[in-house]
Amino acid sequence: MEQRTLGKLGLKVSAQGLGCMGMSEFYGEGDEKESISVIHRALELGVNFLDTADMYGPFTNEKLVGKAIADRRDKVVLATKFANVRGEDGSFLGISGKPDYVRKACEASLKRLGVDHIDLYYQHRVDPTVPIEDTIGAMAELVKQGKVRYLGMSEAAPATIRRAHKVHPISALQTEYSLWSRDPEDELLPTVRELGIGFVAYSPLGRGFLTGRYRRFEDLEANDYRRNNPRFQGENFAKNLQLVEKINELAARKKAKASQLALAWAMAQGQDIVPIPGTKQVKYLEENIAAANIRLSSEELRALDAIAPKGVAAGTRYPEAGMKHLNR
């Protein structure tokens, strides 16, 4: 697996990472044994960049990842996040970037993961009530203490990123980016490239929609978060399905799957971009990793641009409440 560098401080990761969120929550029932098999197989195939967060589960995803890497920590670039505050009962309690909370959250993550340091520590969402300088300052202290190696941000606005980067170099910005979520191309990608910050693309498969595996709303499990996502509902679902069918046609000519084409497209957008598709099954992991070997011609890239121009997806990325916390 090719290696890519995130940020000017030299954080090297596999060109494709593994998003672990869905193993514990949001995308229907998970299976811990199978999830651990997925993580182990990813490491075998050269994917060393694992992405989790304290709020996934809540709290259980970090424990799962920690269990999976306990005997192979040296093979992993481990990324986790803080800021989305949740209760033990799963309730969402808001967003916090307070320095005391940063320190407390990091200690809790280290304990759950069973490690002595986190390779990449993200602020999951920006807290508008706390100056970003204060939050990043607390994160920088964690670097000095050796508890964290590199700093990241998620869903931050260009102006916020600039302010943060002055306090301590930011190595990676994580934001949704895919064939149906191309908004970062307007301001975010130019900003991070100017500053020398890497870009980690979450949901590069459109939360699974771009795989073509979901043909009807009813294909989603009853407890699947995506049932509440605007892009998976009603007329939006039908319109977005037409987009996937066009990608499928192009993939068939390439003798690949739509998911592989979507990932190959994301990886072709720049050496500073690392997509982190998630999956709970080894067979889909292997399909995703195989996308790293797919090379798209300039003609094929133009075809995908024509199929999926900016703004092509019907519906917003999150329900209204979630949209308020993006690009802050």
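Trainee: Which element gives the most to the lining of the largest cavity?
Mentor: That is α9, with three residues. A cavity is a set of points on a 1 Å grid over the protein atoms alone where a 1.4 Å probe fits but cannot get out; lining residues have an atom within 4 Å of a point. Helices (H or I, at least four residues) and strands (E, at least two) are DSSP runs, numbered from the N terminus.

Trainee: Which residues line the largest cavity?
Mentor: Q16, G17, L18, V47, P277, L285, N288 and I289. By class, that lining has five nonpolar, three polar and no charged residues. Ala, Val, Leu, Ile, Met, Phe, Trp, Tyr, Cys and Pro count as nonpolar, Asp, Glu, Lys and Arg as charged, and the others, Gly among them, as polar.

Trainee: How much space lies in the largest cavity?
Mentor: About 30 Å³. A volume is the space filled by probe spheres set on the grid points, which are joined across faces, edges and corners.

Trainee: Where does this model come from?
Mentor: The model is predicted: local features need pLDDT of at least 70, side-chain atom pairs count only at pLDDT 80 or more, and totals for chains, interfaces and linings use all residues. Residues are numbered from 1 along each chain as its sequence is written, and side-chain values use heavy atoms, with hydrogens and water left out.

Trainee: Now pockets. What volume has the largest pocket?
Mentor: About 1400 Å³. A pocket is an open set of points with protein on both sides within 12 Å along at least five of seven lines. It has 49 lining residues, and M21, F26, Y27, R207 and Y225 are the closest to its centre.

Trainee: Which element gives the largest share of that pocket's lining?
Mentor: β7, with four residues.

Trainee: On to salt bridges. How many does the structure hold?
Mentor: It holds 27 (a side-chain nitrogen of Lys or Arg within 4 Å of a carboxyl oxygen of Asp or Glu). One of them joins E25 and R86, at 2.7 Å, N to O.

Trainee: Which parts does the pair of E25 and R86 tie together?
Mentor: E25 lies in the loop between β3 and α1, and R86 in strand β6, so the pair ties together parts 61 residues apart in sequence.

Trainee: Is R86 buried or exposed?
Mentor: R86 counts as buried, at 8% relative accessibility. Buried means under 20% relative accessible area, exposed over 50%, partly exposed in between (1.4 Å probe, protein chains only). E25 is buried too, at 15%.
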